[in-house]
Every structure is written in structure tokens, then in C-alpha cells.
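Have the sequence and the 3D view open as you read.

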Amino acid sequence: MRKSIRQFAALLGVETTTVNNWRSGLSTVTPRPVTQAILDTTYAQRATSEDRARFEQIVAEGEAAWRSRHTVSARQAPAMAAHADDALTDDRFNRDRFGDPFTESAGQGSPGVDTLLVDVDDFPALVADIETAFWAAGNVTGAGLLRPIPALIAASRAVTRLNMAGEYTTLALMLAPLITDLYRHTREGRPAEQRAAWDTLAQVAFDTSVVMRARGHLAVAWSAARAAEEAARTIDSRPGIAAATFVGSQVLLARPGSMKAALDCAESTAALVGSQARTANDVQTVGMLHLQASLATAAVGGDPHDHLDHAAEYAARLNRPIETDSSSIIGNTTFGSSNVALWKMSVAMEAREPDAVLALAQKLKPQMLPTPGRAAQYWVEVGRAAASRRDYGTSIDALLRAESIAPEHVRNMDTVQEVVGQMMRKAKRGVTADDLGKFAQRVGVVVV
């Protein structure tokens, strides 16, 4: 069908990792029955005669010839995928006045991670195991061989990369055994290993809280935030405490009754830890904490600009030589001036200033944002702002861009579900029957 991996995944309503597996696994992959049904329906209803001719030709060439032409090594795959995506992509969004969409080559969202064949619906089944891992804190029955700390650190970095890419289900498969092994090292390892285990556990718990909140499991997100704080305080880690407070404030902000608590904890920790910030790790996490405080301030009706100014100052510090604490993996390398600019859009939207959001969008290129998740957030804010101005065509265009970048992340955002529900109730019938109606189904919005 001459589509990129991301476009084809969005068409089917599946993960990009799933499509990437089909491409790299070839005949060794057997799609699940529900996924096969989606493929059958798409082929029957959406494939043109030219598409079918190409498909039949490929099948006729035989598996051996197919493998010889298309199978590449893991080292070659990213470059080959990037070339193929460039050759096949026909981007229907280039007409939009906000510029070119953010694109990412297949396989680069989580470099160094073995791609797993998963579907979005696998996520809920994994939540209980992750929650139990925090509850048990490594005290589990029939514990197997304990993985060494370097392997756990590498796995933690993979979790962070998957989090940034918005590939939550693949990430969730890794969490329970990783959390368990890290807790075991805090008791069974040598002193140096114990400290490294607490440090890594703080980062893993942080990522877990972000993911659980994004998927709507707030109780588990809160447990993970508390675990991150406990780990950070055990080793007196300033960036760990700031990061744990950030995710704790995010969980509190998700509940209307705890918005003031979300602001208070973010502000107090930012003031305490910020005065001691020395390393890049400190600056990154405290800067993000100020951004969270700005959002919480806007949510309670206050003026967020003081916190936004502080965040900009911290971002500027990273433009000068600054020491990085290489003994810790805790930090947020996505923090910087472009991220501050993105948060200004989110804060303006929280303050119900859609014109300000669109003005800020004109000044920020989504291609400059550090991760797929951030780029998707950009288009979500544009979509929300456009919908507020009843420009539903621009809104759905922007939301579809966001979905093409980080499908699982976008489809589970409560802000996306809210704006889609509003548009479904207000937009014309022709709009709801086309892209908007199909998108509403994918994000789980039903208007009665």
C-alpha cells in the first residue's frame, strides 16, 4: 500500500512495533486471530487493485527470494528502514500550515531493544504483576537467577527509551521482573551494588509511574511514585527526589480534588532541591519539576509564568559546560529549551488560551523536539486549541499526526479523549462519519 510503518500501523489501529515485527520476522511471525481479522478486513476493503497486484507478486516470488532481498542484520536495520520509509512515504499532511510532521525511522524509537510482538490489549494483564512487584519488594517465591547490575541498568535505559517513544505495552512486559531483581540487589548485593540498585530502581519506578498514569492506572502510578521517592531518599539522591516528586505531582494533578496538593509538593521540592542543584542530572530534574509546577499553577487558576521562567533558566544552564554525575542513571535528557517551549503550549491550553497555543506552535518546530512522545504532544496541543476555536478540520488533522507518531500514547490520553468527545457532539455529521469518527473509535470515545 506504499505506506510507512507508522502510517500502516495507524491505518490498522495497532502498534508500530507489531508492524515492524511483521516486516523483520517475515514468515516466522503468526499474527494473533484478532489482528489477522483486522488485516483481512483492511485487505478486503482498503487495498486497491494495484496494491493487490503488488501483494500477489511478492507472495509469488517465494519466501527464499523474499528473505534474500529484505532480511538485514540488526546493525543494518535502522538505516534500511529509514531508506524504505523515505521511499514509500506519501505524507498527506504536508499541506498543513504548521509545517512538516515529525517522522521517525522504524526501529529507532528504542535502539538496542529486542522488539517484542505485542498488542495494546496486552497491557491491562501486566498491571497486576507490576503492582505485585512493588508490593513484594523482591521478596518473591521461587526467585530465579539474579541478573547482574550492568544488565539491569541496560534494561532500565531501554525502559526509558520505550517510555519516551510512547511504546508502553512493550515496556510493561519488562517491568515486573526488572523491579523484582532491583529490589533483590538492594538486599543481596554488595554495598556498591546496593547503591546502584537503589539508583536504578528510582529511575525505573519513575518511568513506571509515568506509564501507569498515561494508561489510567492511577493507584499503581502512585505506588510507583512512592517507590521512586523511597529509593531516592535511601541514597540521598537529589535528582531522584526531584523526579519522584514530579511523577507524584502528575498523579495528584490527575484528580480534581488533589490539584492544590500537586502544586504544593512540586513547589516545595523545587525550592528545596533547586537551591542545591549542581550537576546536569539535578538541573534536568528540577527544571522538569518547575514545568510541572507551572502546569499545576495554571490548573488552580494561578499565574504560571514564574515557574516557566525558572524552567527556562535551568534549560539555559545546560547550554553551558556542566558536570554530569556518571555514577547515577537518574536524569531527564529530554529537558531543554524546546521542551520548555512545548510545556508553554500545554500551560496555555490549561489556562484556556487557544490563540496563545497556536501562536506558540508557530514558533516551535516539532521536528526539534527530543522524543516521539514530545512531538506527539505538540500536535495534541494544536488539535485541542483548534477544536476550542471550532476549527475541527485542523484539529482532527493535528490529532491524526499525533497518533501517527505515538499511537498508544495518544489514544490513551484523557485530554485527547475529552476533545474528541466534544468534537463528536458538535461537529457536522460528514466530519464524524469520516476521519473523526474512525479516530473516536480508536481512542474509545462513544457518543450516545
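Which residues gather in a patch of negative charge on the surface? Keep in mind that this is a predicted model.

## The negative patch

The patch brings together Glu-267, Asp-303, Asp-306, Asp-309 and Glu-313. Helix H15 is the top contributor here, giving three residues to the negative patch.

## The buried side of the story: Ala-311

Stay with H15, which covers residues 305-317, and you'll find Ala-311 in it. Is Ala-311 buried or exposed? Ala-311 is buried, because its relative accessible area is 0%, and the cut-off for buried is under 20%.

So what does Ala-311 touch, setting aside residues up to four places away in sequence? Its contacts are Gly-287, His-290, Leu-291, Phe-335 and Val-340. As for Trp-343, that residue is 32 residues from Ala-311 in sequence, with 9.9 Å between their C-alpha atoms.

## Over in helix H8: Ser-156

Now hop to helix H8, residues 149-165, where Ser-156 is found. Ser-156 counts as buried because its relative accessibility is 0%.

Which residues is Ser-156 in contact with, leaving aside neighbours within four places in sequence? Leu-178, Thr-200, Gln-203, Val-204 and Ile-329 make up that list.

Terms used
Residues numbered from 1 in each chain as written. Predicted model: local features only at pLDDT ≥ 70, side-chain atom pairs only at ≥ 80, totals over all residues. Heavy atoms only, no water. Helix = DSSP H or I, 4+ residues; strand = E, 2+ residues; numbered from the N terminus. Buried < 20%, exposed > 50% of the residue type's maximum accessible area, 1.4 Å probe, protein only. Contact = heavy atoms within 4.5 Å. Patch = residues over 30% accessible without salt bridge, like charges linked within 9 Å, V, L, I, M, F, W, Y side chains within 5 Å. Areas by Shrake-Rupley, 256 points an atom, 1.4 Å probe, with all protein chains shown as cover. Salt bridge = Lys/Arg side-chain N within 4 Å of Asp/Glu carboxyl O. Lys, Arg positive; Asp, Glu negative; His and termini not counted. Charge placed at Lys NZ, Arg CZ, Asp CG, Glu CD.
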